[in-house]
Amino acid sequence: MKVWKVRLLLALACLLALAGCASIGPPEAPSLELPKPPADLRAARKGDKVTLTWTVPARTTERQSLKYLGKTQICRSLAPALKQCGTEVGTAAPPADFESTIRSGKKLAASFVDTLPLPLEREHPRDSATYAVEVLNQAGRGAGLSNEVRVPLVPTLPPFAAFAAQVTARGVLISWKCSAESGTNGVQYLFRIYRQPDQASPSKLADVPVTDCVEGRGEQQAASSGESEASNLQSSYLDQTFEWEKTYSYRATVVSVIETAGKPSVEVEGTDTPEVKVFAHDVFPPAVPAGLQAVFSGPGQARFIDLIWTPVSDADLAGYNVYRHEAGQPPIKLNQDLVRTPAFRDLKVTPGKIYFYSVSAVDERGNESAKSEEASETAGP
């Protein structure tokens with residue numbers, strides 16, 4: 001081979017080598033796999049429990065898909081803002097199904113329940129605790145704190161004892177024993193009652209001030225039973241807004257309230273009482289009619305005896321039954337259908353006879369009251 005050809009081939013080889021070398025850039029730095037801090041941290045307090053929830057990050061701070069996840073630090077402070085976690089109050093382990101859920105493109109929620117120390121509540125009843133979380137990678141490094149949430153530290157009371165519900169003629173009577181403590185350090189307490197019909201959501205029924213508690217038994221009886229004075233404090237609430245022949249569940253909680261001038265009041269619910277369920281079955285008759293009067297028609301008219309009485313005010317009243325008897329005989333009902341108004345005319349009377357009348361009230365479910373006091377009248381000469 002000629003020398004010039006060899007030189008040409010060498011030159012071409014060098015050019016190709018240089019071109020190949022030019023295509024190789026500097027090596028990229030490996031990803032730190034820092035999870036993007038959550039921005040949707042939420043907090044809900046019930047009693048001394050604070051439940052924190054957030055969405056588990058699916059991407060890194062470099063906007064890459066997150067492959068691995070470490071623990072999450074739970075941070076709490078009395079400071080109004082957190083610059084760093086400082087002393088953590090707990091950690092949340094990475095979800096066991098993290099990898100499969102992230103690959104599917106679905107969002108994954110995480111939660112943590114923090115228990116507030118009682119001394120912290122009592123020493124700072126008008127303050128709030130600030131919470132944030134920091135999600136770490138497998139190496140224990142994080143990209144910073146999440147958004148912050150604040151939770152009132154107002155102390156709460158345990159649920160009142162002996163919570164019960166009983167169906168009565170006037171309504172569902174809800175009763176309980178309550179604490180002698182009505183409020184300290186600017187904290188006031190309400191007893192909040194919830195009602196839930198079957199197949200429906202619960203709703204607030206009433207807020208009863210704890211100061212409404214009254215002595216349920218005498219001091220002498222309490223002393224003989226060995227119970228404290230506080231255990232004798234009882235209160236009740238009458239639910240009259242229900243519907244008969246339906247099932248209801250009741251529960252209640254003590255609500256701590258702090259009023260601050262110029263600011264909305266702060267409310268925190270305590271732990272719930274056990275739930276009680278009642279079936280509002282109406283077996284209660286209406287009130288007994290009163291004021292029954294009997295008056296004969298008088299001369300020159302067809303013979304009859306008019307009856308009038310005071311109306312019964314029960315909301316579910318359906319009507320009245322009218323009874324008549326003669327001396328020594330059992331009462332006989334005169335009407336076939338219920339009498340709708342508090343008046344009745346007896347047209348089947350015999351001259352010279354004395355009749356004794358009474359009236360009863362009947363409700364929409366067929367419950368009948370006792371008979372009224374009798375009224376007597378003579379059917380003329």
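**Close-up 1. The buried salt bridge between Asp346 and Arg324.** In this predicted model, Asp346 and Arg324 are both buried, and the two residues form a salt bridge whose closest N and O atoms are 2.7 Å apart. Asp346 lies in strand S22 and Arg324 in strand S20 (residues 317-325), so the pair ties together parts that are 22 residues apart in sequence.

**Close-up 2. Strand S19 and its pairing with S18 and S22.** Strand S19 (residues 305-310) pairs with strand S18 (residues 290-296) in the antiparallel sense, over five bridges, and within this pairing Thr310 of S19 stands opposite Ala290. S19 also pairs with strand S22 (residues 343-346), again in the antiparallel sense and over four bridges; here Ala343 in S22 is the bridge partner of Ile308.

**Close-up 3. The open sheet S1-S2-S5.** Three strands, in the order S1-S2-S5, form an open sheet with antiparallel pairing. Strand S1 (42-46) and strand S5 (109-115) stand at the edges with a single partner strand each, so one side of each is left without a neighbour in the sheet. From one strand to the next, the twist averages 20°. The pairing of S1 with strand S2 (residues 49-55) runs over five bridges, and Ala44 stands opposite Thr51 in S2.

**Close-up 4. The salt bridge between Asp114 and Arg76.** The side chains of Asp114 and Arg76 meet in a salt bridge with an N to O distance of 2.7 Å. This pair links distant parts of the chain, with Asp114 in strand S5 and Arg76 in strand S3, 38 residues apart. Asp114 has a relative accessibility of 5% and therefore counts as buried.

**Close-up 5. The disulfide of Cys75 and Cys85.** The structure holds one disulfide, formed by Cys75 and Cys85, whose sulfur atoms are 2.0 Å apart. The torsion about the S-S bond is about -105°, so the disulfide is left-handed. Cys75 belongs to strand S3 (residues 72-77), whereas Cys85 belongs to the loop between S3 and strand S4 (88-92), and the two cysteines are 10 residues apart. Cys75 is buried, with a relative accessible area of 0%, and Cys85, at 9% relative accessibility, also counts as buried.

**Close-up 6. The largest nonpolar core and another core apart from it.** The largest nonpolar core has 29 residues, and Phe163, Val172, Ile174, Trp176, Phe191, Ile193 and Tyr250 are those with the most contacts inside it. The elements that give two or more residues to this core are strands S8 (161-167), S9 (172-177), S11 (187-197), S12 (203-209), S15 (247-258) and S17 (276-279). Of these, S15 gives the most, with five residues. Another core, of 22 residues, lies apart from this one and has Ile74, Ala110, Val133 and Val151 among its members. In soluble globular proteins, nonpolar side chains tend to be buried together.

Close-up 7. The structure holds 17 salt bridges, and in one of them the side chains of Asp272 and Arg251 meet at an N to O distance of 3.1 Å. Asp272 is in strand S16 (residues 266-272) and Arg251 in strand S15, 21 residues apart, and the pair thus links distant parts of the chain. Asp272, at 25% relative accessibility, counts as partly exposed. A network of salt bridges links Asp272 and Arg251 with Lys46, Arg192, Lys204, Asp207, Glu267 and Glu269.

Definitions and conventions: Residues are numbered from 1 along each chain as its sequence is written. This is a predicted model: local features need pLDDT of at least 70, side-chain atom pairs count only at pLDDT 80 or more; totals for chains, interfaces and linings use all residues. Side-chain values use heavy atoms; hydrogens and water are left out. Two strands pair if DSSP finds at least two bridges between them. A nonpolar core is a set of buried Ala, Val, Leu, Ile, Met, Phe, Trp, Tyr and Cys residues joined through side-chain atoms within 4.5 Å. Buried means under 20% relative accessible area, exposed over 50%, partly exposed in between (1.4 Å probe, protein chains only). A disulfide is a pair of cysteine sulfur atoms within 2.5 Å. Axes are lines fitted to C-alpha atoms, for helices over the stretch in contact, and angles run from 0 to 180 degrees between N-to-C directions. A salt bridge is a side-chain nitrogen of Lys or Arg within 4 Å of a carboxyl oxygen of Asp or Glu.
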